[in-house]
Amino acid sequence: MTVFRGFIKLALRQLHMLLLYVAVFVTIAVIVQLSLREEGTDTFEMTSLPVAVEDRDGGAAAEGLKEYLGQIHRVTEWEGDLTGLQEKMFYRDIYYLVRIPENFEAACLAGQEKLEVTKIPGTTSAYYVDSQISAWLREMKAMLAAGYGTQEACALVLQAQSGAGSVRMLDESGYGGEPAPHAFLFQYLPYMVLSILCYGAAFIMIAFRREEVRRRLLVSPVPRLRQNLGLMAGYLVLGAVVWVISLILPVTLYRGDFLSDGNLPYYMANVTALVLVSLSIAYVVSMCVKRAETVNGVVNVVTLGMCFLCGVFVSMDVMAAGVKRAAAFLPVYWYEAVNGILSEQASLTAGQRTEVLQGLGLQLLFAAAIFGVGMAVSRYRETD
């Protein structure tokens, strides 16, 4: 118990570091959540541009085209010259000019002649209006081919344009077609867990490996086995504290949304696997770091490197194929793979449940393998 009590006392000295990382983590999670809510795509409004029309026909089809464009854009009649048009476009008073030729219906609707247009080259607004005029011409040709008169066809096209469509999102995931609201917190969770455990374990083990402490432990009546068991118990207590914090945060921030999630047991299992992996990594780091001055560099490389490669800060969807293949050899990748499945499906199918269990199993294998490496390093350090 002497070693265990010493471990806990040293861990309490690092309490300020634990609170700092929890605060940073919660701040990042809340900011990301708020930004995602503000960037929602609840509504869409079509852009209205100043468009000029030079009507040389004056027929029903020409009037129909002008009325169609008038429903979307700010349409004005144009009777000026080319010099005036260039000036208007330079100052963006006009973005687009369409010239309706004489015999418009026979030339462009019944025939193959194209409308003459003048537009600002290379701009999205030019393609925007192009697509709308092309859509009107296609619909008018279809109506005329179906036997409708020109005025009736124009009226039907305008009616179709003015009608508001009813859109209903298909909820395939069970979360309203969106990821679970607490999924983003669990996505960033590895950064907090890895940082706290690696920093805490490193500073504690550096204290235990001081020359005077090592000598006192060597001459103490406490057997070596009990000393190692005390250290292991200290690691487990530190991991348990981080595990509890990791699950209290989503309960506090999301309340019923998280507690009522059908995947709650899988989230808990995934966090447990992550904590075990992080403990094993922290053990290896604590065995390799000899001085307190080098802790920051080593821990930052391990935590930030693994988080960037494994999809914590940058989604794996935008990663190159080579990066994904390399990240598969890191345990946090499989944590994020499991979290991705849980965040997109409120209820898992048999195949998805198998993938989740495979991801959990791989994390436990990684934890065992990394812990074995730590034991080998520890044995080497003892005989050094």
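Cys288 is partly exposed, with a relative accessible area of 47%; buried means under 20%, exposed over 50%, and partly exposed in between (1.4 Å probe, protein chains only). The model is predicted: local features need pLDDT of at least 70, side-chain atom pairs count only at pLDDT 80 or more, and totals for chains, interfaces and linings use all residues. Residues are numbered from 1 along each chain as its sequence is written, and side-chain values use heavy atoms, with hydrogens and water left out.

The whole structure holds zero disulfides, a disulfide being a pair of cysteine sulfur atoms within 2.5 Å. For Cys310, the closest cysteine sulfur belongs to Cys307 and lies 7.7 Å away, too far for a bond.

| Residue | Relative accessible area | Class |
|---|---|---|
| Cys288 | 47% | partly exposed |
| Cys310 | 0% | buried |
| His73 | 4% | buried |
| Leu225 | 60% | exposed |

His73 sits in the loop between α3 (60–72) and β2 (74–77); helices (H or I, at least four residues) and strands (E, at least two) are DSSP runs, numbered from the N terminus. The side chain of His73 reaches the backbone nitrogen of Leu49 at 3.1 Å. Not counting residues up to four places away in sequence, His73 touches Thr47, Ser48, Leu49, Val51, Tyr128, Val129 and Gln132, where contact means heavy atoms within 4.5 Å.

Leu225 is in helix α10. The largest share of the nonpolar patch, four residues, comes from α10.

Note on methods:
Polar contact = N/O pair within 3.5 Å; in protein donor to acceptor, adjacent residues only side chain to side chain.
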